[in-house]
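Hi,

Here is the structure I promised to pass on to you.

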Amino acid sequence: MKLPDNRGYFGEFGGKFVPETISYCLEEVERVYHKQKKSKVFKKELDFYLKEYAGRPTLLYYAENLSKYLGMKVYLKREDLLHTGAHKINNALGQGLLAKAMGKKRIIAETGAGQHGVAVATVCSLLGFKCDIFMGQEDIERQSMNVFRMKVLGAKVIPVTTGSCTLKDACNEAFRDWVTNVSDTHYLLGSCLGPHPYPLIVRDFQSVIGKEARVQILKKERRLPDYLVACVGGGSNAIGLFYPFYKDKKVKLIGVEAAGFGLQSYNAATLVKGKIGVFQGTMSYVLQDSQGQIKNAHSIAPGLDYPGVGPEHSFYKDTKRAVYGTVTDKEAIEGFKMLSELEGIIPALESSHAIAYLRKLSKKAKNRLVLVCLSGRGDKDLDIVRQAQISADTKKRR
Ligand SMILES: *Cc1c(COP(=O)(O)O)cnc(C)c1O
């Protein structure tokens, strides 16, 4: 079976639920992508930038202290070591070169926490594109450092003041802009989300994670891992790790979602708590209330704070190829500290969800071989963790 099929479906998930005007833009991207995918020149250029600019291949590190502590053998795929500090650059570079192949002059993107915006702004200055980033007003206020970073890189940050003034509204605005400016503009979507062909394109560009990891673990351990673990926001670092192992049925795939405060009514665990529906152009699991209204997500990890998830994950869930678990804000902070103190590696709060899940996994997976995607580094989150620490201390003192 082909994943996705020619119409962009992963089983019943995915597809292209958009107005005709957007459909036309998507078809151009799809056509050019399929052509470039086969091009040796394109592959060579992408490999060059991934290696010489972004810092690939990333290390596969045997975390000995953590392994002893948990009673499992844990390897970390070090996407945190990439330029700009996370896996997002893999997709931004791939789509940047795609935009170049399409002859575009301008790139637009949506961003929530600003991490994707920073990766896009970086690639735009590298490849010489004009860059406009749509960002909800609410997020602009919360993420002022990333807004400044994008500006330093020469991008323009356009505030979005519609709806809840967050990521999903920024996404809508980017699509609106694209339709009017498609002749010179590429929309660089940031995760394996949205209408076909984006879930396919982003999955393919992020698959470099799993392809490398597969070769590296075979070299180090002479066998495949028992488990792969990755955090899931939109799902791109997870699908990038999982997909190259899809056919290795003995390798268990575990996606970890954010359970926020741990309350049913307030989290970002789309696959675990959501219902099937159409959101932002694709059929997938979505966080919605009993009336079918999209719920606002919450997670302490800015990159997991989103009510949707990529359709390929929905398919993996329903076909039981992967299982999905949750980690609360509090547990994520414990994971953050555990890796920092045991290994001297400060993980992003998103990645800390995957790390924290290892504690739960260790109860049933003694001595097993586990490969975790460390999607990003935690420098960007130090302030959030410090604030959480201060408020926890204050509560204790009361
Ligand atoms: C954005 C981000 C994520 C979440 O995005 P996915 O598409 O689910 O990978 C995870 N980790 C880090 C470090 C991020 O910046």
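Before you start, a word on the element names: helices (H or I, at least four residues) and strands (E, at least two) are DSSP runs, numbered from the N terminus. This is a predicted model, so local features need pLDDT of at least 70 and side-chain atom pairs count only at pLDDT 80 or more, while totals for chains, interfaces and linings use all residues. Residues are numbered from 1 along each chain as its sequence is written, and side-chain values use heavy atoms, with hydrogens and water left out.

Asn367 sits in the loop between helix H15 (349-362) and strand S15 (369-374), and its phi is positive, near 65 degrees, though the residue is not a glycine. Asn367 is also exposed, at 65% relative accessible area. (Exposed means over 50% relative accessible area, buried under 20%, and partly exposed in between, with a 1.4 Å probe and protein chains only.) The areas themselves come from the Shrake-Rupley method with a 1.4 Å probe, and for residues only the protein chains shown count as cover.

Gln280 has a positive phi too, about 50 degrees, and is not a glycine either. You'll find Gln280 in the loop between strand S12 (275-279) and S13, and at 15% relative accessibility Gln280 counts as buried.

Now for the cis peptide bonds. One joins Leu3 and Pro4, with omega about -5 degrees; Pro4 belongs to the segment before strand S1 (9-10). Another joins His196 and Pro197, with omega about 15 degrees, and Pro197 is in the loop between strand S8 (185-187) and helix H9 (198-206).

**Salt bridges**

How many salt bridges does a search of the whole structure find? It finds 27, where a salt bridge is a side-chain nitrogen of Lys or Arg within 4 Å of a carboxyl oxygen of Asp or Glu. Take Lys77 and Glu212, whose side chains meet at 2.8 Å, N to O. Lys77 is in strand S4 (residues 73-78) and Glu212 in helix H10 (residues 208-221), so this pair ties together parts that are 135 residues apart in sequence. Lys77 is buried, at 0% relative accessible area, and Glu212 counts as buried as well, at 14%.

Next, Asp132 and Arg106 form a salt bridge at 2.9 Å, N to O. This pair also links distant parts of the chain, with Asp132 in strand S6 (residues 130-136) and Arg106 in strand S5 (residues 106-111), 26 residues apart. Asp132 is buried at 4%, and Arg106 is buried at 8%.

Asp383 and Arg386 make a salt bridge too, with the closest N and O atoms 2.5 Å apart. Both are in helix H16 (residues 382-397), three residues apart, or about one turn of the helix. Asp383 is partly exposed, at 43%. There is a network as well: Lys37, Arg203, Asp204 and Glu312 are joined by salt bridges that share partners.

**The ligand**

Which of the 17 residues around the ligand come nearest? They are Lys88, Ser191, Gly235, Ser236 and Ser375; a residue is counted as near if one of its heavy atoms lies within 4 Å. An oxygen atom of the ligand is 2.7 Å from a polar backbone atom of Gly235. A polar side-chain atom of Asn237 lies 2.8 Å from a ligand oxygen. On its own the ligand exposes 380 Å², and the protein buries 96% of that.

**Strand S13 and beyond**

Is Thr282 buried or exposed? Thr282 is buried, at 3% relative accessible area, and is part of strand S13 (residues 282-286). Beyond its neighbours within four places in sequence, Thr282 is in contact (heavy atoms within 4.5 Å) with residues including Gly14, Phe17 and Pro311.

Asp289 lies in the loop between S13 and helix H13 (311-318) and is partly exposed, at 28%. Again setting aside neighbours within four places, Asp289 is in contact with Lys275 and Lys295. From Asp289 to Ser351 it is 62 residues in sequence and 28 Å in space, C-alpha to C-alpha.

Happy exploring!

How values were computed. A polar contact is a pair of N or O atoms within 3.5 Å; within protein, one must be able to donate a hydrogen and the other to accept it, and residues adjacent in sequence count only if both atoms are side-chain atoms.
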